[in-house]
Amino acid sequence: MSAVARAIVEPGFFENGPVQIALAVSAVVSLVVSALGVITVIRGQAFAGHSLADIGAAGGSGALLVGVGPLWGFFLLALAGAGAMELVGADRRRSRDLATGIVLGAGLGLAALFLYLDSRLANASGATSTILFGSIFAISSATIPVVIAVGAAALTLIAAIYRPLLLSSLSRDLAAARGVRVRLVGGLYLAALAAAVALSCLATGAILSTALLIGPAAGALRLTRRPGMAVIVSAAIAIASSCVGVLLAYDSYYWPPAGHGWPASFFIVVLTVLAYLAASAFASRTRRAA
Amino acid sequence: MFSGFMVNTWIVASVVAVLAGLVGFFVVLRGAAFAAHAVPNGSIAGAASAGLLGISVLAGLAVFSLLGAIAIAVLATRDRHDIAVALTLVLMLAVGALLLSFSSGYAPATYSLLFGEILGVSRAELGPTVGLALASLAVLAVLYRPLLLSSVLPEVSEARGIAALRIDLCFLVCVALVTTMTVPVVGTTLIFSLMVGPPGAARSLTKSPAAALVLSVMIALATVWLAIAAAYDLDLPVGFLVGVLAACAYAGGRGWATLRRGRAAVARA
């Protein structure tokens with residue numbers, strides 16, 4: 001038994017400092033992001049969520065230039081991106097896709113510029129892969145309180161507007177008729193999403209953060225129709241995938257090619273997608289049985 | 001700016017712009033900006049694996065962007081389109097991240113794959129690129145009417161017996177073809193800007209599909225030419241310029257349309 005456990009959990013896994021930090025950060029991030037993901041999927045705003053993360057990459061790479069922590073860069077630019085989408089009309093269903101695409105293009109352009117300047121001026125030539133693909137084992141322990149604070153703020157904001165947000169996500173017209181300020185609620189949601197996405201960028205890198213946002217939530221919504229239940233299932237899937245992902249990344253150091261760990265974000269993404277496919281298959285089977 | 005190796009760049013970039021303008025018209029019409037972003041962006045896995053396996057980047061991109069297109073079309077029959085796109089995209093990117101980490105070390109190569117490199121077009125790539133361009137033009141010409149119909153009136157199109165899945169797949173394959181030839185110039189991350197900005201601007205300027213197509217191609221060409229000239233002169237990354245110029249083109253188009261509508265209202269009053 002212990003031999004099996006040793007084979008799965010390589011020795012030193014739980015005593016290793018960077019691993020402990022990685023586990024803590026990925027658990028908190030998964031909880032926050034997957035909960036917001038449920039609303040993102042219900043609202044049909046997967047594209048916006050992905051775009052905010054990509055735009056966040058511009059912030060992360062810009063932060064390296066000025067010498068502040070990447071989390072603030074991720075957050076500020078994602079917030080600015082959310083504002084820009086709101087302004088160009090990302091809220092209206094007809095023009096939403098195009099508006100999101102335009103803002104995303106401009107944001108990625110900025111990321112290209114900043115990453116270029118990073119390698120030129122700040123001498124950080126590895127910045128491209130760190131910012132875009134993440135490096136969860138390189139997070140310092142001082143970041144944990146910040147991660148928890150930002151995550152708690154995002155969850156509190158969503159909890160405060162939960163009912164009107166859900167109503168306006170399911171039916172915009174009905175919510176407006178009931179006196180919900182749809183535009184304001186949508187804006188607040190985008191702000192919380194920006195915070196969550198910034199956290200997610202830190203854990204899995206900017207362009208992979210969409211996996212934690214969409215995968216667990218979409219899987220959960222295949223299994224249950226109740227939004228509250230979906231949040232719980234989604235959080236469970238996300239936390240499990242990211243912790244197992246960190247574990248596998250740690251183990252992979254001994255896999256081929258020798259002496260070269262596989263990226264944690266790779267495992268996290270693959271696990272969330274597998275969870276979604278399993279949930280989807282399970283849902284269609286039970287539906288057929290019924 | 002027009003000497004030697006730069007000539008290749010100008011040719012490939014112009015070919016890419018024409019196709020991006022054409023395909024982009026349908027991207028905007030179908031509201032498929034996310035898919036147009038995902039197929040090229042995910043195909044980075046192809047470029048990375050090409051480096052590892054020692055095959056040409058063009059072949060790697062072709063295979064992966066086609067796989068992405070098929071995965072999106074198939075997944076979208078079971079769940080909502082944006083979720084299918086998001087999951088396909090992250091899966092492909094994750095494989096890309098893994099392969100890039102194996103081929104380790106050379107960071108500038110990763111960068112130019114993602115964001116483009118105007119000095120990276122070799123003579124050997126010229127032939128395949130033009131061939132692919134002609135192939136996609138032929139596909140577009142054949143698909144023009146059913147694609148237009150299914151984009152504007154999906155119900156009518158279904159009623160006429162045009163299968164939604166097949167059309168969606170054909171459309172995504174067009175996006176994949178454009179993706180394949182674009183990497184040496186604009187990079188996987190920003191080709192979609194060209195498929196969104198110029199056609200978006202064209203659509204806000206004219207209602208007629210044919211005029212919008214022509215306008216879209218012209219704006220895309222202007223964007224790319226300006227971006228390459230500026231990248232060459234100012235030594236800036238071409239991806240940055242394409243992304244920002246495409247957004248400016250769209251903003252300009254929207255502004256012009258608003259201005260004209262305002263004037264028309266004044267004239268009527």
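## Helix packing and chain contact in a predicted two-chain model

The crossing of helices α2(A) and α11(A) is right-handed.

Helix α2 of chain A covers residues 17–43, and helix α11 of chain A covers residues 209–223. Their axes are 7 Å apart, and the helices pack at an angle of about 60°. An angle between 35 and 65 degrees counts as oblique, and α2(A) and α11(A) are therefore oblique to each other.

On the side of α2(A), the residues that take part are S30(A), V33(A), S34(A), G37(A), V38(A), T40(A) and V41(A). They meet L212(A), L213(A), I214(A), P216(A), A217(A), A218(A), A220(A) and L221(A) in α11(A). Sorted by class, this contact of α2(A) with α11(A) has 11 nonpolar and four polar residues, and no charged residues.

The crossing here is left-handed.

The residues of α2(A) in this contact are I39(A), I42(A) and R43(A), and they meet L165(A), S169(A) and L170(A) in α8(A). By class, the contact has four nonpolar residues, one polar residue and one charged residue.

| Helix pair | Axis separation | Angle | Handedness |
|---|---|---|---|
| α2(A) and α11(A) | 7 Å apart | about 60° | right-handed |

L212(A) is placed in helix α11 of chain A. With 36 C-beta neighbours inside 10 Å, L212(A) counts as buried, the cut-off for a buried residue being 20 or more. Leaving aside neighbours within four places in sequence, L212(A) is in contact with S30(A), V33(A) and S34(A), and also with S200(A), T204(A), A238(A), S242(A), I268(A) and T272(A). Between L212(A) and G245(A) there are 33 residues in sequence and 12 Å in space, C-alpha to C-alpha.

### Chain A as a whole

Chain A has 13 helices and zero strands. Of its 290 residues, 54% are buried. Among contacts in chain A between residues at least 6 apart in sequence, 74% join residues at least 24 apart.

### The contact between the chains

How many residues does each chain give to the contact? Chain B gives 45 residues and chain A gives 44 residues. On the side of chain B that touches chain A, the elements that give two or more residues are α2 (33–42), α5 (81–102), α6 (107–115), α10 (191–205) and α12 (238–268) of chain B. The largest share of that side, 14 residues, comes from α5(B). By class, the side of chain B that touches chain A has 30 nonpolar, 11 polar and four charged residues.

### Selected features of chain B

G96(B) lies in helix α5 of chain B. This glycine is buried, with 29 other C-beta atoms within 10 Å. Not counting residues up to four places away in sequence, G96(B) touches I44(B), A45(B) and A48(B). G96(B) and I44(B) are 52 residues apart in sequence, yet 5.8 Å apart in space, C-alpha to C-alpha.

In helix α10(B), 14 of the 15 residues are buried, so α10(B) is largely enclosed by the rest of the structure. The 15 residues of α10(B) should span 21 Å at 1.5 Å a residue, and its end C-alpha atoms are 22 Å apart, which agrees.

D235(B) lies in the loop between α11 (209–234) and α12 of chain B. Is D235(B) buried or exposed? D235(B) is exposed, with 9 other C-beta atoms within 10 Å. D235(B) has a positive phi of about 60°, although it is not a glycine.

Conventions. Residues are numbered from 1 along each chain as its sequence is written. Chains are lettered from A and ligands numbered from 1 in the order in which they are written. This is a predicted model: local features need pLDDT of at least 70, side-chain atom pairs count only at pLDDT 80 or more; totals for chains, interfaces and linings use all residues. Two residues are in contact if their C-beta atoms, placed from the backbone, lie within 7 Å. Helices (H or I, at least four residues) and strands (E, at least two) are DSSP runs, numbered from the N terminus. Ala, Val, Leu, Ile, Met, Phe, Trp, Tyr, Cys and Pro count as nonpolar, Asp, Glu, Lys and Arg as charged, and the others, Gly among them, as polar. A residue is buried if 20 or more other C-beta atoms lie within 10 Å of its own, exposed if 12 or fewer, and partly exposed in between; C-beta atoms are placed from the backbone. Axes are lines fitted to C-alpha atoms, for helices over the stretch in contact, and angles run from 0 to 180 degrees between N-to-C directions. Angles under 35 degrees count as roughly parallel, over 145 as roughly antiparallel, 65 to 115 as roughly perpendicular and the rest as oblique. A crossing is left-handed if the near helix is turned anticlockwise from the far one by less than a right angle, and right-handed if clockwise. The expected span of a helix is 1.5 Å times one less than its number of residues.
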